[in-house]
Amino acid sequence: MAVTSETLAQVKSVTEDGYKHGFVTDIEMERTAKGLSEDTVRFISARKNEPEWLLEWRLKAYRHWLTMPEPQWAKVSFPPIDYQDSYYFAAPKSDSDKPKSLDEVDPKLLETYAKLGIPLLEQEMLAGVAVDAVFDSVSVATTYKKKLGEMGIIFCSFSEAVQEHPELVRQYLGSVVPYADNKHATLNSAVFTDGSFVYIPKGVRCPMELSTYFRINAENTGQFERTLIIADAGSYVSYLEGCTAPQRDEHQLHAAVVELIALDDAEIKYSTVQNWYPGDEEGRGGIYNFVTKRGACRGRNSKIAWTQVETGSAITWKYPSCLLIGDNSVGEFYSVAITANRQQADTGTKMIHIGRNTTSTIISKGIAAGRADQTYRGQVKIMASAEGARNFTQCDSLLIGDQCGAHTVPYIETHNPTARVEHEATTSRISDDQLFYCMQRGLSAEEAVSVIVNGFCKEVMRTLPMEFAVEAQKLIGISLEGSVG
Amino acid sequence: MARKSTPFADEALVAGAPWIDALRGDALACYREQGLPTARSEAWKFTNLRRLERIAFAPSPAKGTPVAEIPDGIAALDGAYRAVFVNGRFDAAQSRLGDLPKGVEIGSLAAVDPDLLEPYLGRIADTQVHPLAALNTAYMADGLYMKLADNAVLDAPLHLISIASAGETAQRFHPRHLVVLGENATATLVESHVGAGETFSNTVLEADLGVSAMLNHYKLQNEAPDAFHIAFSQIRLADRASYDGFVLQTGARLARNEVRVQLGDRVECRLNGAYLGRGDQHIDNTTFIDHTAPNSTSREVYKGVLDDRARGVFQGKILVRKDAQKTNGHQLNKTLLLSRGTEMDSKPELEIYADDVKCGHGATTGELEEDALFYLRARGIASAEARAMLVAAFLSDAVAEIQAEQPRAAFQAVVDQWLDATEASTR
Amino acid sequence: MPLLEINGLHATVDGKPILNGIDLVIEAGEVHAIMGPNGSGKSTLAYVLAGREGYEVTAGEIRYDGKDLLEMAADERARAGLFLAFQYPVEIPGVAGTTFLKAALNAIRGHRGESPLDAMQFLKFVREKAGALNITDDMLRRSLNVGFSGGEKKRNEALQMAVLEPKMAILDETDSGLDIDALKLVASGVNALRAPDRSLLVITHYQRLLDYIVPDYVHILADGRIVRSGDKLLAVELEEKGYGAFVGAKAA
């Protein structure tokens, strides 16, 4: 069966409401016809009232996409995707289609929310309950937005940025992830619907963590999300994506693109907690999370740090990467990936050292349980120009149970003798001694695994912003529930 | 898509025993199907064979052994048995195989009754994963045959000397070696690959070790500056067998040495090596350690030094299959880059399906440690000398992995010579 | 009703019989010592009581606090107040001592029907106990037992015992690897916990520890059986005569 048909069959028809803010359009239809063609691309662009150059860019991407083979190198397996059996644009559901209250929401989901300690109001938002909570969050967001605006910070939806700041979008869109980069990113370039846009002006330190969480139009941008963050000279921003609560989405294929640009002395910290629906115990119906994330350290002394906690999705395919162009620039990648049941993850990073004295650090912690497979795949490339470059990589894998697999595939390419590159990897399991010791102190087997795994992941967890870290810790425990018997 | 290229497949297949004919036919089809590997193939990502295609190598003649003297550069092994091959053909005149111990047979593969080869030849190596190894199977003509009966002991090392020799015309050939050790048998095999002229040797070695057998296997690849050396070895280790392998590569213009080992229960496997590159050399070491059964240990250390514009490649994969619980697998790759223009591509890989294992790998690339250099200089040692000392120490560490004393000393001598030449050129 | 009652306990490890019929009764508030040569089954007894996997009970029964102990999982036993001070405390990288102890304490408090302590309350509580054992904040913050010296590990076990306030504590060769100062420190920590409603089972090879933790009863274990029981003077007698005099003897 084609992968998207079962989930997409559920997509409800036209809504009367459309976007809650943004732009007005006189196009009546709220959804494209099924399938992908130039017309689909034109429809999306027109529906979003985009300038001609953006339509042309999308079309270029679409035409190129037609010629591209599916990427084959990742260690994941799934049936071929039927791209024609999918809707590429649909306005959000109207309130009348949403659950009226939490009583109508899957109790299993609510149980998980409770375990994570998520406040009721937020539970309603996450479960998509049609209540005033959404409007509360609008007002909260508006307040923040005003404060940020006073500092010259732009934080808005991608669609809004296209309308309000076309010169910035045009300058930077596709400058880090070109439209022809890879099959998934190219598809995104052709049909992306919305996402976030951030611009931090020169010398400004963004005073709060920017989060998609309270962004009002976060709804229904999940499938082909496009994020662009520009940190101008001397600025700083910390951006949080996703949340620990299991997120539901009716689209099975997710192909997001995130582009980061850091100019001289700028720093971007990008943290992700990904907990999309992983499918049932056999992996049926889970999200395919095929994401292209890349940051360019263009300026001298610039820094980009990726932190990710990946626990969801049936298949995760993502390699948040750094192009270290500016001299002395720094790239960091901290990752915890947990796969249980039938989940598959092929994730890692690329650190491309171009500038002099560029530094990169990679800390990857992979945990595989059940019948899951997990691969760390990472490239460290030192170009001949990268005098004095440094890389340190540590990849540790933990296996829970004898039906899972953990794999480490680093590519280390050095073209400069003054560079120093170090890579270490280990694979082990939770020892019986450790489990028994914890249980002798009163912890249940599941609590014991959670404690031990959190310890194993500590180096990564401590790079998360405080508010994220506590929830992420709980999430690790929850993700592994049922993994030890 | 890039076109598929299948050079070197123009020779007629030699007819022989029906099973060999079938083997050759399948192998040729396999080669034609895959073609000469390109960078699109993951296994050949870092080693480009296009230069090989541009040279008009002549196939070796169907009969007879070409004449060539043993050149300099072989491992110095006094008192060893000797099996000499010129362009893959057994050279009885230069070989020394008198008075072999009981239960030991060593000689030319071409001279062995095909019925005796049937259980082994083409049955050990997965040549379908390596197009050029398949090509070897299609056109193999001769090579080493070494068989030890159960409990047999080879009392001195066997020195396999492979001479790749070309005059006016570039030469290609496909040596095929077979090593069979019965239960509890013990042997040391040292290979020296040397030569002159523009040659393309495409070697396959298959080794089968019985229960509790022990093989020391050391290979020196020291071919001529215009040589292309492609080698594929597969070693199958039965329960409780042990293997001490070392590959020192310093010769050839382009070399790829691929070793695959398959481990039974309670096997001790050591798979080590060193590579020394200068000029425009390209040296590739690719290894695959396949843990198929529980309780085995593998250790792998590859160290290299690259100078001028030399390029090194290390691809080391450890596979731990589902049943291989209690596996211990360790892998280390270290490279020193001595000059601008060098390049090192390292891909140490773990693929693990069993949970009760201890596996790890490490890889480093870079210059000499500044701290160590400073320490030596602070003791009054001049910079150039201090560097030479540290490089020498780095390589001695690698060679020290060789368990057998005489081959270790012989390989150390080759390393020392290479170092002397490096030092001389930097003066 | 005794706190712990062991009747005819037989146990095997990897199919090999190690315990061959142990009978032992410990009343609330009593301190019992089990002494025995290497391989007599001392640690096996401790692990069987704590419920470690791989230690198979082939015959006999154990009643603990009125319940069938062998029916309980290892963590249930711990929450019911049975504590084992390990001979070789386990290292758990990345898990801070305080994090671990807080999780354990709140699991046990939950079982007792008490509310969990918050971070501040917990820290105050632990610091009080830690001070007496000369355990610094730094030790508490470090990864559990990772890189600890032998003495630090044993002091850490004593601290966990003090914090978790068990009903029945089993000390498995707590004296091994300790110098005399560390031994005194740990022993005074243990003695501070002696109470009418708390029993101790002290397992040791040497009489030395019993100079500091004075037992009410001493049992000599040999070949998986208690061959002799007595009061604290038995330990002194054992020290004089050596195990040879007792091994092979019938239970008194």
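Residues are numbered from 1 along each chain as its sequence is written, while chains are lettered from A in the order in which they are written. In this predicted model local features need pLDDT of at least 70, side-chain atom pairs count only at pLDDT 80 or more, totals for chains, interfaces and linings use all residues, and side-chain values use heavy atoms, with hydrogens and water left out.

**Exercise 1. Describe the interface of chain B and chain A by its area, its residues and its polar links.**

Step 1. The size of an interface is often given as the accessible area lost when the parts come together. Computed that way (1.4 Å probe, summed over both parts), chain B and chain A bury about 2800 Å² between them, with 46% of it on carbon and sulfur atoms.

Step 2. With contact meaning heavy atoms within 4.5 Å, chain B brings 36 residues and chain A brings 33 residues.

Step 3. A salt bridge requires a side-chain nitrogen of Lys or Arg within 4 Å of a carboxyl oxygen of Asp or Glu, and five are found across this interface of chain B and chain A. A salt bridge joins the side chains of Lys75(A) and Glu351(B), at 3.2 Å from N to O.

Step 4. On the side of chain B that touches chain A, β20 (343-352) and β21 (358-366) each supply at least two residues, and β20(B) gives the most, with ten residues.

**Exercise 2. Where do Ser313(A) and Glu173(C) lie, and are they buried or exposed?**

Step 1. Most residues other than glycine have a negative phi. Ser313(A), however, has a positive phi near 70 degrees, and Glu173(C) has a positive phi of about 45 degrees.

Step 2. Ser313(A) sits in the loop between β10 (303-310) and β11 (315-318) of chain A, and it counts as buried because its relative accessibility is 1%.

Step 3. Glu173(C) is placed in the loop between β9 (168-172) and α7 (180-192) of chain C, and it is buried too, since its relative accessible area is 11%.

**Exercise 3. Describe the setting of Arg298(A).**

Step 1. Arg298(A) belongs to the loop between β9 (288-297) and β10 of chain A, and a relative accessible area of 30% makes it partly exposed.

Step 2. Although Arg298(A) and Leu263(A) are 35 residues apart in sequence, their C-alpha atoms are 5.2 Å apart in space.

Step 3. Leaving aside neighbours within four places in sequence, Arg298(A) is in contact with several residues, including Tyr172(A), Leu263(A) and Ile325(A).

Terms used
Buried area = accessible area lost by both parts, 1.4 Å probe. Polar contact = N/O pair within 3.5 Å; in protein donor to acceptor, adjacent residues only side chain to side chain. Helix = DSSP H or I, 4+ residues; strand = E, 2+ residues; numbered from the N terminus. Buried < 20%, exposed > 50% of the residue type's maximum accessible area, 1.4 Å probe, protein only.
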